[in-house]
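Let me put the thing up on the screen and then talk you through a couple of spots.

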Number of protein chains: 2
Amino acid sequence: MFGRVLIAGCGLMGASLGLAIKSRNLAGQVVGWDSDHRATAAALERGAIDQVATNPEAAAAEADLVVLAAYVKSLPELLLRLAPSVRAGTIMTDLGSVKGSIMAAAREPAFIARLSPGAVFVGGHPMAGKAAQGAVHADPELFTGTVWVLCPPPAPRPEEVLSEDGRLAVERLKALVGALGARPAVMTAEHHDRAVAAVSHLPQSVASALMNSAASLDQQTPGVLDLAASGFRDTTRIAASTPSMWRDICLDNREALLGTLEQFESELAAFRQALEAADAAIIEDFFERAKAAKEGMRN
Amino acid sequence: MFGRVLIAGCGLMGASLGLAIKSRNLAGQVVGWDSDHRATAAALERGAIDQVATNPEAAAAEADLVVLAAYVKSLPELLLRLAPSVRAGTIMTDLGSVKGSIMAAAREPAFIARLSPGAVFVGGHPMAGKAAQGAVHADPELFTGTVWVLCPPPAPRPEEVLSEDGRLAVERLKALVGALGARPAVMTAEHHDRAVAAVSHLPQSVASALMNSAASLDQQTPGVLDLAASGFRDTTRIAASTPSMWRDICLDNREALLGTLEQFESELAAFRQALEAADAAIIEDFFERAKAAKEGMRN
């Protein structure tokens, strides 16, 4: 499907992508690069990459597909760094959890001027992950059954026509994503960022706040956490995720997350007020709406 | 371990207890009663009970162990209804999610006067459950590995001595709970109610508010919920639980739940303010504390 693939960033996501591509024979060769040589060593050890690149620009120049799989904060810089090296026809994409900032970087004239003619950047975000980080936890089925968002260059607006290179790049990535067992979903960065604020960044913030509250109450009344059952365990599972990663994601998607936080806070405040007033009807309606919405979901 | 057991209330919890007792041969006979005859029919069909009682007072009079497994709201009334029928030596217990109200009912002189001499009520709460309700979803392993709270009569205070009957009843229930694969934990109703507010009732409220918020945002921006991945699914899993049951639990444990809600709201507000100020250090600390607390838990 691709000749040579460069995966720039060999953490959980990058290494899982390498394993997923290799286990399905979707590339002739998978090359890995990471600023931390322990990450590439672990990825090589896991069989997630065939070869370690020491010079990412040189590796990008020989790749047909360049996947930026670093932490979200460093993606715009990495994109600008590698863009001048890629050759015509190369597709660049990323796996970042927020799309606004990197798509904005990709729209800047300075970037477009540096990108080789015929090369294209398509934003990407597979809606997959797990709390455990690093190539050692890589999983070739991490993306199976998940939604994989693709943001075409430039953001499609009614008056714009996607370039032929851009259209082809999106089609090739849709085929790759489908071959990896995921469902491609093409949308603007703005739409993506509002949606993930609601279904990913808000739940992360809420699960962490819940864990912190329960821990505080456990300090006041020892033994509280001993009574936690499966409901608590599931609701707080993602609270074990990497703090620095979530710090960066929240800051990067700050505006959209603040909007969803406000929505959540008023929903919870209305429930608290109903409880203060012992209003059985409003309390039941609150749980009814949640049950109906949950049951209306695909998963 | 017991001769005849009466399970008064044949929903998920009562029927699961019947299955758990019968599969381990812990009683000579398990009799089931429910105000809804479809519930007892389903429990009989599942093999959770040996026999259906049509008159709960008569069945209680012949039982060595009476387990009140009805919805939390009806427990005090059911306790008062059956107490005069039980014979000396019979142990009564319940499976309710809140212990303050039923233990208060069991401490009232009017109740003590009606209870047969030598009979004892011990409050109980197995920290187990699932969203699906009804005997049809009963599971003999529902209690395996969970904590099962027992509240002795009367609430143990330093100046009080538990009666010999009370002490023996607690010991026999601890043995039963252990034989069911659960871990007995003896505590006061007050301690229990504060703890479950933090690790059960607050998570339920938060998961439901999160589901409601995401559904509202999905209405404003269609397609939001299509991007939900495993993190969202786990964090909102319990939002599918029975609304009327949670309405009653929240009202019954209103004071303790309001306290934990206040704690949670201020935790989340501090996070939102840090995000508004783009304060990376406070945001990271928020996620760090949650990760450390989560990793410090047994499960």
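This is a predicted model: local features need pLDDT of at least 70, side-chain atom pairs count only at pLDDT 80 or more; totals for chains, interfaces and linings use all residues.

Residues are numbered from 1 along each chain as its sequence is written, chains are lettered from A and ligands numbered from 1 in the order written, and side-chain values use heavy atoms, with hydrogens and water left out.

So, strand β1 of chain A, residues 2–8. Strands here are DSSP E runs of at least two residues, helices H or I runs of at least four, numbered from the N terminus. Five of the seven residues in β1(A) are buried, meaning under 20% relative accessible area with a 1.4 Å probe, protein chains only.

Who are its partners? Strands pair if DSSP finds at least two bridges between them. With β2(A), residues 27–33, β1(A) pairs in parallel over six bridges, and A:I7 has A:G32 as its bridge partner there.

Now the two chains. Turn chain A by 180 degrees, shift it 0.0 Å along the axis, and it lies on chain B with an RMSD of 0.1 Å, superposed by least squares on C-alpha atoms of residues with pLDDT of at least 70 in both. The copies are thus related as by a two-fold rotation axis. Which residue of chain A comes closest to that axis? That's A:T235, its C-alpha at 2.0 Å.

Notes
Buried means under 20% relative accessible area, exposed over 50%, partly exposed in between (1.4 Å probe, protein chains only).
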